[in-house]
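Subject: Structure handover

Hello,

I am passing on the structure we spoke about. Please look it over before reading my notes, which come after it.

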Amino acid sequence: KAGVTQTPRYLIKTRGQQVTLSCSPISGHRSVSWYQQTPGQGLQFLFEYFSETQRNKGNFPGRFSGRQFSNSRSEMNVSTLELGDSALYLCASSLGTGITYEQYFGPGTRLTVT
Amino acid sequence: DQQVKQNSPSLSVQEGRISILNCDYTNSMFDYFLWYKKYPAEGPTFLISISSIKDKNEDGRFTVFLNKSAKHLSLHIVPSQPGDSAVYFCAASGASNFGNEKLTFGTGTRLTIIP
């Protein structure tokens, strides 16, 4: 069974631009969560999607948005990029929603904002 | 406000000895705790979890201890092996608080096993 895939793996953008990251969950998984990892803050929860609906949202500004498609694939978008958005963005999929469902993480997309 | 804290950014342990990774939390609503392990260029992988109704959970070489009164948990790895060298993240959730099951992670501890 293929794992969680994220594209692209690396990305360099300029301040003010916008970016879209993609996540394909494990086949059969209906929940996708996104996290931002930075050295000082660890992993911070961005949002979770289940059956195309946002179930939960972390404390990030409205520049961060996401969506989920009917095939459970998910995208996250960051508009008006800032230098502080440079981070590793991880997505995780699980069979269902709720913490007792094990989350499987993808390798992440490394975003650098210059 | 860091609700889950891993105060040791790094830890070095001799192969064969016990590795003890610590984690403290401040939110009393947390009732489900997990440990993840992360190798470079890979996403975190789930290691072991514990519900607040227990104070210990064991899985092979890995044991997690929970001290609710101290809001402290620890991960013990015995014996430590070179393949255990990775970054370990502690995470917590209010699992019984429906709609608030999101994971709150600590900042991670880099464990290095010395051969």
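The notes below go through the disulfides, the contact between the chains, the salt bridges and a few single residues. Please keep in mind that this is a predicted model.

Disulfides

There are 2 disulfides over all chains. In chain A, the link is between A:Cys23 and A:Cys91, with an S to S distance of 1.7 Å. A:Cys23 belongs to strand S3 (residues 19–24) of chain A and A:Cys91 to strand S9 (residues 87–94) of chain A, so the bond ties together parts that are 68 residues apart in sequence. The angle about the S-S bond of A:Cys23 and A:Cys91 is 50°, and the link is right-handed. Both of these cysteines, A:Cys23 and A:Cys91, are buried.

In chain B, a disulfide is formed by B:Cys23 and B:Cys90, with the sulfur atoms 2.0 Å apart. B:Cys23 sits in strand S3 (residues 19–25) of chain B and B:Cys90 in strand S9 (residues 86–93) of chain B, so this pair ties together parts that are 67 residues apart in sequence. The torsion about the S-S bond of B:Cys23 and B:Cys90 is about -70°, which means that the disulfide is left-handed. B:Cys23 and B:Cys90 are buried.

Contact between the chains

How much area do chain A and chain B bury between them? The figure is about 1700 Å², with 58% of it on carbon and sulfur atoms. On the side of chain A, the residues that lose the most area to chain B are A:Leu43, A:Ile99 and A:Phe105, which together make up 34% of what that side buries. The contact involves 22 residues of chain A and 22 residues of chain B.

Between chain A and chain B there are 0 salt bridges. The count of residue pairs in polar contact between chain A and chain B, with both residues at pLDDT 80 or more, is 1. Strand S4 (31–38), strand S5 (42–50), strand S6 (53–57) and S9 of chain A each give two or more residues to the side that touches chain B. By type, the residues on that side of chain A are 8 nonpolar, 10 polar and 4 charged.

Salt bridges

Over all chains there are 8 salt bridges. One of them joins A:Arg63 and A:Asp85, whose closest N and O atoms are 2.8 Å apart. A:Arg63 is in the loop between S6 and S7 of chain A and A:Asp85 in the loop between S8 and S9 of chain A, so the pair ties together parts that are 22 residues apart in sequence. Are A:Arg63 and A:Asp85 buried or exposed? Both A:Arg63 and A:Asp85 are buried. A network of salt bridges links A:Arg63 and A:Asp85 with A:Glu82.

Also in chain A, A:Glu75 and A:Arg73 meet in a salt bridge, at 3.4 Å from N to O. A:Glu75 has a relative accessible area of 16% and is buried, whereas A:Arg73, with 24%, is partly exposed.

In chain B, B:Arg61 and B:Asp84 form a salt bridge, with the closest N and O atoms 2.8 Å apart. The pair links distant parts of the chain: B:Arg61 is in the loop between strand S6 (56–59) and strand S7 (62–67) of chain B, and B:Asp84 is in the loop between strand S8 (72–77) and S9 of chain B, 23 residues apart. B:Arg61 counts as partly exposed, at 22% relative accessibility, and B:Asp84 counts as buried, at 2%.

Single residues

A:Asn77 is in strand S8 (residues 74–78) of chain A. The side chain of A:Asn77 makes a polar contact of 2.5 Å with that of A:Gln18 and another, of 2.9 Å, with that of A:Thr20.

A:Arg67 is in strand S7 (residues 64–68) of chain A and is partly exposed, at 46% relative accessibility. Leaving out residues up to four places away in sequence, A:Arg67 touches A:Tyr49, A:Arg73, A:Ser74 and A:Glu75.

B:Lys37 lies in strand S4 (residues 32–38) of chain B. With a relative accessible area of 10%, B:Lys37 is buried. The side chain of B:Lys37 reaches the backbone oxygen of B:Gly83 at 3.4 Å.

Regards

Key
Residues numbered from 1 in each chain as written. Chains lettered and ligands numbered in written order. Predicted model: local features only at pLDDT ≥ 70, side-chain atom pairs only at ≥ 80, totals over all residues. Heavy atoms only, no water. Disulfide = S-S within 2.5 Å. Helix = DSSP H or I, 4+ residues; strand = E, 2+ residues; numbered from the N terminus. Buried < 20%, exposed > 50% of the residue type's maximum accessible area, 1.4 Å probe, protein only. Contact = heavy atoms within 4.5 Å. Buried area = accessible area lost by both parts, 1.4 Å probe. Salt bridge = Lys/Arg side-chain N within 4 Å of Asp/Glu carboxyl O. Polar contact = N/O pair within 3.5 Å; in protein donor to acceptor, adjacent residues only side chain to side chain. Nonpolar A, V, L, I, M, F, W, Y, C, P; charged D, E, K, R; others polar.
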